[in-house]
Amino acid sequence: MIKLHDKGAFLLNGTTLSADGAGVSVEEARKGTMAYGILTSHNTSGNDEQLQIKFDKLTSHDITYVGIIQTARASGLEKFPIPYVLTNCHNSLCAVGGTINEDDHMFGLSAAKKYGGIYVPPMQAVIHQYAREMMAESGKMILGSDSHTRYGALGTMAMGEGGPELVKQLLGRTYDIKRPEVVAVYLTGEVPVGVGPQDVALAIIGAVFKNGYVKNKVMEFVGPGVAKLSADFRIGVDVMTTETTCLSSIWQTDDEVRRFYAVHGREEAYKELKPAAAAYYDGVIELNLSAMKPMIAMPYHPSCVYTIDEVNANTADILHEVEERAKISFGDKVDVNLQSKIRNGRLLVDQGIIAGCAGGGYENICDAADILKGKYIGADAFTLNVYPASMPVYLELMKNGSLATLVEAGAVVKTAFCGPCFGAGDTPANNAFSIRHSTRNFPNREGSKVQNGQISSVALMDARSIAATAANGGRLTSAAEFDGTFTRPTYFFDSKIYANRVYDGWGKADAAEELVLGPNIKDWPKMEALPENMLLKVVSEIHDPVTTTDELIPSGETSSYRSNPLALAEFALSRKDPAYVGEAKKVQAVEKARVEALENGTCPNAAAEALSDVLAQMKSVAADADFANTGIGSTIFAVKPGDGSAREQAASCQKVLGGWANVANEYATKRYRSNLINWGMLPLLIEGEALPFKNGDYIFLPAIRTAVAEAHDTIEAYALVDGCPKAFTMKLGDLTADERQIILDGCLINYYRNH
């Protein structure tokens with residue numbers, strides 16, 4: 001079904017994989033990929049390997065755009081230099097926090113008027129569907145502040161990053177990366193009936209996530225199988241490439257993509273993209289679409305994949321495996337009892353959801369309606385909710401009768417909203433099992449609170465198998481069992497919906513407009529520059545194989561506070577380590593007293609008197625060290641932090657609480673590491689899990705400012721344990737000159753203010 005090559009390969013004439021370049025060298029054939037051409041055309045550095053990218057367009061939603069605009073505003077923003085879309089698909093429900101969600105929306109509208117942006121009102125479209133319909137262009141690049149910013153199926157190379165990277169673009173700066181490697185996803189065959197895009201995506205994720213095969217690389221979809229897939233199908237696969245940890249994606253384009261643009265009234269946005277006659281790829285994923293089967297990603301990660309047939313054949317064993325994995329993440333906080341869901345040898349699920357940028361597409365919902373036509377989900381615990389991804393999609397589903405079919409079957413149809421993807425709606429009952437065509441099934445992503453003794457579990461599936469399961473009363477069922485006909489009604493896009501509701505201020509910035517600042521919208525607190533020496537207290541130690549951004553800063557109801565840095569920081573690590581905030585604040589209080597003493601001309605050593613024993617150990621390492629030249633901050637250790645969302649708050653909340661570093665064996669994604677850097681935090685790397693320190697210990701970094709400024713490869717460190725400093729080393733990894741300066745200045749805001 002899927003084969004991973006252990007070395008690179010040439011693709012000849014877009015059809016044939018070969019170890020031989022037919023006379024073309026590897027170096028030259030690397031330039032034959034679509035990714036190479038797009039990246040090169042957007043590179044401003046003049047250096048073919050060290051890229052400085054300027055994007056064509058930007059996208060954000062209402063969890064992220066307030067912080068981005070506030071940061072850019074503090075750094076001198078006058079108007080948006082490129083089209084910037086502000087959508088409202090995350091903080092759309094105002095059930096938590098009083099007025100503050102709608103206050104964010106009014107801020108967004110006022111910012112679009114002041115700076116010349118595009119504002120999409122709540123419930124009109126999820127961020128990525130609007131971008132596909134109205135923003136994507138073949139051969140262009142889009143940067144978004146949501147991790148699922150992926151429009152490669154339409155020929156647009158898109159990337160999801162933390163907010164500070166968008167700030168850089170708003171201020172005319174660049175996105176700086178080494179030229180990424182490119183991996184071909186070589187498609188052959190044709191998908192069987194009942195197999196949908198989520199099935200193909202989950203199969204790929206299962207093959208490449210754990211081994212890091214495409215980590216921080218570009219996935220390029222090529223081969224004869226591409227032509228057998230509709231645009232909607234390609235989009236459904238493409239959006240899930242984020243879960244592989246790749247940097248971005250791009251697909252060859254053809255008349256199917258041309259038709260997509262034409263239907264949306266933008267045929268001029270189409271451009272044929274294909275590899276050169278000889279293109280070299282650093283890796284190859286061969287995938288036979290004909291061998292695909294309906295898949296399921298069991299809790300609690302999109303890479304925990306099985307075929308649905310496997311789960312039905314080995315239900316008890318696989319559910320036991322999930323329960324054992326849960327113990328690693330949850331310990332004894334909750335009792336995950338999924339085997340209680342087995343009825344007469346079959347897994348009986350409690351909830352089905354088809355939603356968001358992955359599931360809410362037109363074809364997915366039409367096919368689900370065909371499977372459910374004349375069927376009923378029953379009057380037991382099972383429920384089915386469907387969220388079309390945009391109002392134009394909603395309207396067409398209404399016109400062709402698909403929504404009526406779903407409602408007749410017992411489904412509830414809702415408006416465009418991303419809530420089911422991050423825990424802001426449709427939270428199942430305790431110990432319930434939900435199947436979702438959405439993007440993620442991380443712990444707590446469905447909205448339960450482990451810290452309160454709650455747990456519910458989510459598995460990812462394709463809309464078609466969710467519908468088949470619903471038609472079978474909630475018994476887990478593969479859509480391959482469907483013996484009917486998919487009607488595949490033609491899609492007609494009604495542009496008047498957006499023309500009548502979306503505020504398009506691009507090119508019409510009005511400096512006289514006042515920003516509407518609700519009481520929850522706060523500026524970022526002052527942040528200090530990196531001192532010469534740094535004393536770090538370890539205030540959390542996480543040994544899970546992977547730590548997600550949801551565990552670093554929860555999604556769901558906390559989203560309402562994302563425009564208030566101090567209020568949001570109160571939730572940092574609350575699902576993983578409830579003691580973290582209190583411990584970090586204790587360290588921060590000492591640092592604040594130290595800084596205040598320096599500003600007042602009093603003795604900083606006296607201000608940090610509680611650390612006199614620690615100071616003696618510091619001086620035994622560096623005689624001139626004292627609290628006049630040594631900052632005090634907190635840090636966490638995690639094996640592999642940062643999988644998942646692009647949200648910058650996973651890092652900024654730590655910084656707001658006085659964090660100065662993360663220590664990790666590896667960073668799960670580039671975007672999380674970039675967020676650390678942009679908030680002035682040291683992205684430290686240490687080898688092995690046998691650590692020289694433990695939670696509660698201090699780590700002393702002498703001359704850390706000099707080490708960063710001079711780009712030292714190795715960082716000298718000392719664990720201050722039992723009164724005796726123990727030397728060890730860490731690394732910072734590759735940093736650009738600008739990234740080093742951002743860390744030296746203390747954060748991106750300071751960097752722009754200083755330079």
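Analyst: In what follows, helices (H or I, at least four residues) and strands (E, at least two) are DSSP runs, numbered from the N terminus. The model is predicted: local features need pLDDT of at least 70, side-chain atom pairs count only at pLDDT 80 or more, and totals for chains, interfaces and linings use all residues. Residues are numbered from 1 along each chain as its sequence is written, and side-chain values use heavy atoms, with hydrogens and water left out.

User: Which are the edge strands of the open sheet?

Analyst: Seven strands make up this open sheet, in the order β17-β16-β24-β23-β20-β21-β22, with mixed pairing. An edge strand pairs on one side only; two strands count as paired if DSSP finds at least two bridges between them. The edge strands are therefore β17 (305–307) and β22 (412–413).

User: How are the rings of phenylalanine 80 and tyrosine 115 arranged?

Analyst: Rings of Phe, Tyr and Trp (its six-membered ring) pair if their centres lie within 6.5 Å; planes under 30 degrees apart count as stacked, over 60 as edge-to-face and the rest as tilted. The count by this rule is 17 aromatic pairs. For phenylalanine 80 and tyrosine 115 the centres are 5.5 Å apart and the planes stand at 40°, so the pair is tilted.

User: How many residues apart are phenylalanine 80 and tyrosine 115?

Analyst: Phenylalanine 80 belongs to the loop between α3 (65–74) and β6 (84–86), whereas tyrosine 115 belongs to helix α4 (residues 100–115). The pair thus links distant parts of the chain, with a separation of 35 residues.

User: Is tyrosine 115 buried or exposed?

Analyst: Buried means under 20% relative accessible area, exposed over 50%, and partly exposed in between (1.4 Å probe, protein chains only). Tyrosine 115 has a relative accessibility of 3%, so the residue counts as buried.

User: What is the angle between the planes of tryptophan 524 and tryptophan 679?

Analyst: Tryptophan 524 and tryptophan 679 form a tilted aromatic pair, at 4.3 Å centre to centre, and the angle between the planes is 50°.
Tryptophan 524 lies in the loop between β25 (503–504) and β26 (533–542), and tryptophan 679 in the loop between α25 (670–678) and β31 (682–685), so the pair ties together parts 155 residues apart in sequence. Tryptophan 679 is buried, at 2% relative accessible area, and tryptophan 524 is buried too, at 15%. The angle asked for is 50°.

User: In which helix do aspartate 255 and arginine 258 lie?

Analyst: A salt bridge is a side-chain nitrogen of Lys or Arg within 4 Å of a carboxyl oxygen of Asp or Glu. Aspartate 255 and arginine 258 form one, with their closest N and O atoms 3.4 Å apart. They stand three residues apart, about one turn of the helix, and both lie in helix α9 (residues 255–263).

User: Are lysine 168 and glutamate 165 buried or exposed?

Analyst: These two residues form a salt bridge, the closest N and O atoms being 3.1 Å apart. Lysine 168 and glutamate 165 lie three residues apart in helix α6 (residues 163–170). Both lysine 168 and glutamate 165 are buried.

User: How many residues apart are lysine 414 and aspartate 426?

Analyst: The side chains of lysine 414 and aspartate 426 meet in a salt bridge of 3.0 Å, N to O. Lysine 414 lies in the loop between β22 and α16 (419–422), and aspartate 426 in the loop between α16 and β23; their separation is twelve residues.
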